[in-house]
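Please read them with the structure open.

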Amino acid sequence: MIVLGIETSCDETAAAVVDDHGTVRADVVLSQIEEHRPFGGIVPEIAARAHLETLDGVIRGTMREADMEFAALDGIAVTGGPGLIGGVMIGMMAGKAISAAHHLPFVGVNHLEAHALTARLTDMVSFPYLVLLVSGGHTQILVAEDVGVYKRWGTTIDDALGECFDKSAKLMGLPYPGGPNLEKLAFTCDDHVSALKRFDLPRPLKGREGCDFSFSGLKTAVRQHVEKLPAGNLKQSDVAALAYSFQITAGEVLVDRCHNAIEQFFSTYPQSDKMPAFVVCGGVAANQHLRARLKDLTHNKKMDFIAPPLSLCSDNGAMIAWVGIEKLKRNMTDALDIAARPRWPLDPTAEKRPGGGIKA
Ligand code: KG4
Ligand code: ZN
């Protein structure tokens, strides 16, 4: 079985061809970072226009790289949400047109499900498993019970962690996208003890029960520290120390919340012989410090730590195609009148949260 996947829900125009052995036959990701950089963040209208202008070429390039004709595919899978609605609609229209023209089954994919199932594409992880999704739009702890069956145990009640990285980095004077730049800056901090003492930051919800997150207070505390620094150009060593403290804080919060999730996992799913998996995904999972902290935690708790390669952790078409394969195998296809959805919670029973940063 071979499926074309299309992803346009945020600021990457992406397509990929994947088969049911998990071989990625072609994978093209066109980032819009340069278009959004002057604005210090993603501008939805610019994103939609860029998807419109580039998607045809990205799909054509992907099919060429896979050396395939549309008619030889077994299906088309397209992100149907959640995400920036203009972009999602452009991807859906393109995918539906190919599906109609070539009489191919169509699957409208939940973007969060694609992140959650990537570990099955890369590592054949078996259900049930725990997922920490940390990206610019989402911070969630999920249990993947089966294809299409997810429990959301935790989510941010305000900002996503990637958003908090980006906003804090901006306050420190770093260019967009802030997350990777903040990590690089933190590496240059040479006095860790005094950095933590000088730039003490709050650990929101740490020590509280449950698996929810809150990051807006952390961002506010970063702003207050920056405002106290000498006016004018910020000194590199000052912001490096602040970046270091920020990263340590983010790590402590993630570990605390995931610790609770792991305890809940073992009591909800008493395991037999196999070590269950803990999967981390989303763009923030690229952060080496956070990865190391989570790896230690899961090792101590006897879970198998799975972090898909970075190219499959951030937004891409291969993860969308893979959901297409998982669903087509189970005859879970969609009619072509399926609508694009700006919000599409993976777990419809999970309590709604009021926070602005939550897309599901
Ligand atoms: O998953 P992703 O590519 O896009 C979505 O948000 O869906 O994630 C992008 C986010 C951005 O907020 C970016 O700053 C953050 O991931 N990020 C990082 C790092 N690399 C990317 N945050 C911290 N450390 C990094 N090394
Ligand atoms: Zn994503």
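1. A residue is called buried under 20% relative accessible area, exposed over 50%, and partly exposed in between, using a 1.4 Å probe and the protein chains only. By that criterion Ser135, at 10% relative accessibility, counts as buried. Ser135 is placed in the loop between strand 6 (129-134) and strand 7 (139-146), where helices (H or I, at least four residues) and strands (E, at least two) are DSSP runs numbered from the N terminus. The side chain of Ser135 reaches the backbone nitrogen of Gly137 at 3.3 Å.

2. On provenance, this is a predicted model, in which local features need pLDDT of at least 70 and side-chain atom pairs count only at pLDDT 80 or more, while totals for chains, interfaces and linings use all residues. Residues are numbered from 1 along each chain as its sequence is written, chains are lettered from A and ligands numbered from 1 in the order in which they are written, and side-chain values use heavy atoms, with hydrogens and water left out.

3. Ligand 1 is surrounded by 16 residues, the closest being Gly136, Asp166, Glu183, Gly283 and Asn287, where a residue is near a molecule if one of its heavy atoms lies within 4 Å of it. An oxygen atom of ligand 1 is 2.7 Å from a polar backbone atom of Gly136, and an oxygen atom of the ligand is 2.9 Å from a polar backbone atom of Gly283. A nitrogen atom of ligand 1 lies 3.1 Å from an N or O atom in the side chain of Asn287. The elements that give two or more residues to the shell around ligand 1 are helix 5 (161-171) and helix 6 (178-187).

4. Phe199 counts as buried because its relative accessibility is 3%. The C-alpha atoms of Phe199 and Ser245 are separated by 6.3 Å, although these residues are 46 apart along the chain.

5. How many disulfides does a search of the whole structure find? The search finds zero, a disulfide being a pair of cysteine sulfur atoms within 2.5 Å. Cys189 is in no disulfide, and the nearest cysteine sulfur, that of Cys164, is 18 Å away. Cys313 is likewise in no disulfide, with the nearest cysteine sulfur, that of Cys281, 6.3 Å away. Cys313 counts as buried at 1% relative accessibility, and Cys189 counts as buried at 8%.

Key. A polar contact is a pair of N or O atoms within 3.5 Å; within protein, one must be able to donate a hydrogen and the other to accept it, and residues adjacent in sequence count only if both atoms are side-chain atoms.
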